[in-house]
Amino acid sequence: ASAGVDRSIEMPSRVGMFFLYFPAVIVAQIPNFMADSQLLSPAQIAHPYAQRVIWLVTAHFSKRTLEVLFLHKYSGGINLVSVILISTLYMISAALLTATALFGMPEGVRPGQTQSLVGVGVFAVGSLGNLYHHYLLAHLRKPGETGYKLPRGGMFGWICCPHYFFELVAWLGAAIVSAHATGWILLVCFTSYLGGR
């Protein structure tokens with residue numbers, strides 16, 4: 001390992017996966033925790049556009065956290081360095097989207113209600129499709145089975161990783177709601193990341 005970092009340190013998968021997602025929930029909610037601070041005005045935080053973006057980001061990472069705790073089945077461990085790197089990526093993503101919603105969009109160019117409703121609808125379809133395919137994956141094997149099984153049901157007959165596809169649909173919805181280059185750049189980044197996986 002370079003620079004004295006032990007890349008072989010592992011933690012239980014459920015714990016590691018929890019720490020991949022949950023810190024991003026906290027980061028997304030920081031503006032709501034700062035409602036009485038000098039840094040943000042109550043009007044900035046309470047603006048419907050800002051709250052839509054904040055709650056979409058919170059909903060995404062909360063859903064993933066709840067799946068880790070109550071849906072997915074794990075065996076083995078996950079590398080600590082991977083947990084730190086991916087968690088940092090997700091926290092930066094949450095921070096960029098929420099900061100953009102608070103500071104990056106002047107009132108006159110913020111998306112209208114129709115665009116926001118379309119984005120929320122696309123986000124909901126993506127999130128529900130992702131959840132459904134995660135459910136199918138979690139129930140692939142019967143108790144005690146360990147071998148590889150080909151996923152069936154849902155869109156597994158059409159797409160090799162529909163859970164990734166629907167996660168990208170959810171990020172597309174977030175990009176539509178954010179209506180900012182940050183949301184679109186993050187969609188491209190997550191497409192590249194999940195495409196590689």
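Predicted model: local features only at pLDDT ≥ 70, side-chain atom pairs only at ≥ 80, totals over all residues.
1. Overall fold. The secondary structure consists of seven helices and two strands, arranged along the sequence as β-α-α-α-β-α-α-α-α. The radius of gyration is 18 Å, close to the 16 Å that the globule rule gives for 197 residues, so the protein is as compact as a globular protein of that length. Along the principal axes, the C-alpha atoms fill a box of roughly 55 × 45 × 25 Å.

2. Of the 197 residues, 43% count as buried. The accessible surface comes to about 10700 Å², and carbon and sulfur atoms hold 69% of this area. Among contacts with a separation of 6 or more, 78% are between residues 24 or more positions apart.

3. Nonpolar core. The largest nonpolar core has 37 residues, and the members touching the most others are Tyr21, Val53, Val57, Phe61, Tyr90, Ala94 and Trp171. Helices α1 (13-33), α3 (48-70), α4 (80-104), α6 (162-178) and α7 (181-196) each supply at least two residues of this core. Leaving aside neighbours within four places in sequence, Val53 is in contact with Leu97, Ala101, Val177 and Ser178.

4. Salt bridges at α3. The count for the protein is four salt bridges. In one of them, Glu67 pairs with Lys63, with the closest N and O atoms 2.7 Å apart. These two residues are four apart in helix α3, so about one helical turn separates them. Both Glu67 and Lys63 are buried.

5. Link from α3 to α6. Arg64 forms a salt bridge with Glu167, with the closest N and O atoms 3.0 Å apart. The pair links distant parts of the chain, as Arg64 lies in helix α3 and Glu167 in helix α6, 103 residues apart. Arg64 and Glu167 are buried.

6. Glu145 forms a salt bridge with Lys149, the closest N and O atoms being 3.4 Å apart. Glu145 has a relative accessible area of 33% and is therefore partly exposed; Lys149, at 31%, is partly exposed too. Salt bridges with shared partners join Lys63, Arg64, Glu67 and Glu167 into one network.

7. His133. Where is His133 found? His133 is in helix α5 (residues 113-138). Its relative accessibility is 3%, so His133 counts as buried. The side chain of His133 reaches the backbone oxygen of Gly129 at 2.7 Å. Not counting residues up to four places away in sequence, His133 touches Gly154, Met155, Phe156, Pro162, His163 and Phe166.

Key: Residues numbered from 1 in each chain as written. Heavy atoms only, no water. Buried < 20%, exposed > 50% of the residue type's maximum accessible area, 1.4 Å probe, protein only. Polar contact = N/O pair within 3.5 Å; in protein donor to acceptor, adjacent residues only side chain to side chain. Contact = heavy atoms within 4.5 Å. Core = buried A, V, L, I, M, F, W, Y, C linked by side-chain atoms within 4.5 Å. Rg over C-alpha atoms; globule rule 2.2 N^0.38 Å. Areas by Shrake-Rupley, 256 points an atom, 1.4 Å probe, with all protein chains shown as cover. Salt bridge = Lys/Arg side-chain N within 4 Å of Asp/Glu carboxyl O.
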